[in-house]
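Subject: Handing over the structure

Hi there,

Here is the structure I promised to pass on to you. Please open it first, and then read my notes beside it.

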Amino acid sequence: MKFVLLLSLIGFCWAQYDPHTSDGRTAIVHLFEWRWVDIAKECERYLAPKGFGGVQVSPPNENIVIHNPSRPWWERYQPISYKICTRSGNEDEFRDMVTRCNNVGVRIYVDAVINHMCGSGNPAGTSSTCGSYLNPNNREFPAVPYSAWDFNDNKCNGEISNYNDAYQVRNCRLSGLLDLALEKDYVRTKVIDLGGEAIKGSEYFGNGRVTEFKFGAKLGTVIRKWNGEKMSYLKNWGEGWGMVPSDRALVFVDNHDNQRGHGAGGSSILTFWDARMYKMAVGFMLAHPYGFTRVMSSYRWNRNFQNGKDQNDWIGPPNNNGVTKEVTINADTTCGNDWVCEHRWRQIRNMVAFRNVVNGQPFANWWDNNSNQVAFGRGNRGFIVFNNDDWALSATLQTGLPAGTYCDVISGDKVDGNCTGLRVNVGSDGKAHFSISNSAEDPFIAIHADSKL
């Protein structure tokens with residue numbers, strides 16, 4: 001089965017910016033390192049009913065098998081062919097997943113590795129997920145096929161040495177990965193911008209939305225209250241903070257790379273390890289109209305910090321002797337077998353629903369206390385309040401919502417006409433009183449049109 005990526009401009013519709021989700025679904029989830037059979041089940045049993053629009057999957061193409069260290073997560077990013085054959089499953093399982101997810105309105109988004117092949121230092125042989133032969137030292141990948149003519153070795157003396165040089169960043173090796181000569185028609189047919197860098201995300205707008213890494217890095221700094229940052233400064237969040245235009249941005253709090261301290265953002269990045277702050281950050285992302293949103297879904301590993309660095313940041317997915325474990329579901333709907341499944345946390349999946357309900361509504365009714373207590377609405381469809389200060393919040397605020405009693409979707413759910421968590425009473429003037437302790441497990445409250453009793 002072959003996949004061809006076609007980039008086209010249809011009139012003035014700018015089709016490449018449309019995420020092509022269905023039924024007003026406005027968020028996707030990255031099910032990092034999940035097996036195709038588990039993703040198919042998750043689409044049917046959870047993602048579709050909860051309003052998720054799609055799944056980003058780990059690279060599906062054949063990769064080299066790394067034995068030292070033993071099967072790290074990053075081996076998935078060292079391709080040796082474009083056969084659909086990895087520890088996540090084979091081509092038939094991949095096809096079944098795509099079909100079943102699409103049948104319930106959940107799209108599949110592939111993490112495609114097209115810039116490079118595996119590292120040059122890997123040995124020749126058949127140590128690959130589908131048994132294909134490779135000889136990286138000679139630039140031989142017969143399963144594609146690629147040869148020495150298809151790489152950029154003649155342009156660079158090996159590694160990128162200057163990340164301020166756009167030519168090097170585009171044409172030289174990153175960590176020994178063999179850089180493909182993408183300017184060649186033959187190569188193209190087979191197959192991070194924090195500011196201040198040689199290559200800007202805006203240079204790729206012609207292809208589609210770009211990953212806005214500044215989003216998670218800056219939001220993490222604000223939620224952590226580092227460098228004097230305050231949530232009250234978020235009033236002009238988005239373009240006002242130097243980010244790309246909203247309709248060009250894919251945004252996220254963390255990703256598989258920077259949650260391990262790699263890539264963009266450094267130590268400001270919030271992850272599931274910082275659960276209280278993380279839920280606030282994801283809640284803010286999903287309530288705010290900026291960008292198209294992606295939620296992270298992770299697995300646990302045993303961290304081992306030495307000199308400020310996690311020595312176990314390479315560890316691959318939960319496994320039995322290299323075979324990826326099934327994603328099991330506990331009685332309380334959380335995941336077992338060391339799968340974290342942040343997308344199943346009540347606070348996060350209910351904010352995905354919030355985003356769907358307020359889709360298309362304007363940013364409205366901002367309030368702040370000049371510190372870390374803020375609130376804002378989305379037209380007359382939703383309202384959210386945060387308390388990230390070291391003291392309690394108690395305020396009567398204009399929600400913009402119709403009068404009535406609403407269930408707070410952070411502390412609970414609306415079930416059979418009742419609230420399992422807090423209730424919020426909105427008066428005929430659209431105002432409601434909010435009280436949030438600074439020691440609350442989840443120091444924010446969210447209500448929306450569908451949570452009204």
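Trp366 has a relative accessibility of 16%, so it counts as buried (under 20% relative accessible area; exposed is over 50% and partly exposed lies in between, with a 1.4 Å probe and protein chains only). Before you go further, please note that this is a predicted model, in which local features need pLDDT of at least 70 and side-chain atom pairs count only at pLDDT 80 or more, while totals for chains, interfaces and linings use all residues. Residues are numbered from 1 along each chain as its sequence is written, and side-chain values use heavy atoms, with hydrogens and water left out.

Now to the rings. The structure holds 26 aromatic pairs; rings of Phe, Tyr and Trp (its six-membered ring) pair if their centres lie within 6.5 Å, and planes under 30 degrees apart count as stacked, over 60 as edge-to-face and the rest as tilted. One of the stacked pairs is Phe215 with Tyr290, at 6.1 Å centre to centre and 10 degrees between the planes. Phe215 belongs to helix 5 (residues 213-224) and Tyr290 to the loop between helix 6 (275-287) and strand 11 (292-297), so this pair ties together parts that are 75 residues apart in sequence. Helices here (H or I, at least four residues) and strands (E, at least two) are DSSP runs, numbered from the N terminus. Phe215 and Tyr290 are both buried.

Trp366 also has a stacked partner, Phe376, with 6.1 Å between the centres and 10 degrees between the planes. Because Trp366 sits in strand 16 (residues 363-368) and Phe376 in strand 17 (residues 373-378), the pair ties together parts that are 10 residues apart in sequence. Phe376 is buried, at 1% relative accessible area. You will find Phe215, Tyr290, Trp366 and Phe376 again in one aromatic cluster, which also includes Trp237, Trp241, Phe284, Phe363, Phe386 and Phe444.

Two arginines are worth a look as well. The charged end of Arg294 sits over the ring of Phe252, 4.4 Å from its centre, and Arg303 lies over the face of Trp273, at 3.9 Å from the ring centre. A charge sits over a ring if NZ of Lys or CZ of Arg is within 6 Å of the ring centre and within 35 degrees of the ring normal.

Two strands pair if DSSP finds at least two bridges between them; strand 3 and strand 4 (residues 79-86) have 2. Asn61 has Ile84 as its bridge partner in strand 4.

Strand 20 (residues 404-407) pairs with strand 23 in the antiparallel sense over 4 bridges, and Cys407 stands opposite Arg423. Strand 23 (residues 423-426) has Val424 and Val426 on its covered face, and Arg423 and Asn425 on the uncovered one.

Finally, a few backbone details. Cis peptide bonds join Asn68 to Pro69, with omega about 5 degrees, and Val144 to Pro145, with omega about 0 degrees. Pro69 is in the loop between strand 3 and strand 4. Asn365, though not a glycine, has a positive phi of about 55 degrees; this residue lies in strand 16 and is partly exposed at 31% relative accessibility.

Best wishes
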